[in-house]
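User: Could you walk me through this model before I plan my afternoon?
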Amino acid sequence: MEAFGQVVPLILILVIMYFFLIRPQQKKVKDHQAMVEALRRGDEVVTQGGLIGKITKVKDETEVEVEIAKDVKIRVLRPTIAQVRSKTEPAND
């Protein structure tokens, strides 16, 4: 019985760590993946480097082309998109 009393605080600490550290981080990663998968042409995005631009082309499942200034386009990896500022309708060709 005494050994069980020594293990209870350890189990309690692990449960608290799960609910306050691990679970929120997993939710954040899941939300980011959903945001990255939903990227489309015309969305205004912010990269992790702080660049703000508009998606002009979705190249494939790993890259997008972002226009950061008039006639200045860069290729960006999808996971490096930190935030979608405005969801717009895709531009028509």
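User: How many helices and strands does the chain have?
Analyst: The chain has 1 helix and 5 strands, where helices (H or I, at least four residues) and strands (E, at least two) are DSSP runs numbered from the N terminus. Please keep in mind that this is a predicted model, in which local features need pLDDT of at least 70 and side-chain atom pairs count only at pLDDT 80 or more, while totals for chains, interfaces and linings use all residues. Residues are numbered from 1 along each chain as its sequence is written, and side-chain values use heavy atoms, with hydrogens and water left out.

User: And in what order do the elements run?
Analyst: From the N terminus on, the order is α-β-β-β-β-β.

User: Which strand does strand 3 pair with over 6 bridges?
Analyst: That is strand 4 (residues 72–77), in the antiparallel sense, and two strands pair if DSSP finds at least two bridges between them. Within this pairing, Glu63 has Leu77 of strand 4 as its bridge partner, and in the hairpin of the two strands, with 2 residues between them, Asp71 takes a positive phi near 60 degrees.

User: What about strand 2 and strand 3, how many bridges there?
Analyst: Strand 2 (residues 52–58) and strand 3 (residues 63–69) pair in the antiparallel sense over 4 bridges; Ile55 is partnered with Val66 in strand 3, and a hairpin of 4 residues joins the two strands.

User: Switching topic, what box do the C-alpha atoms fill?
Analyst: Taken along the principal axes, the C-alpha atoms of the chain fill a box of roughly 75 × 25 × 20 Å.
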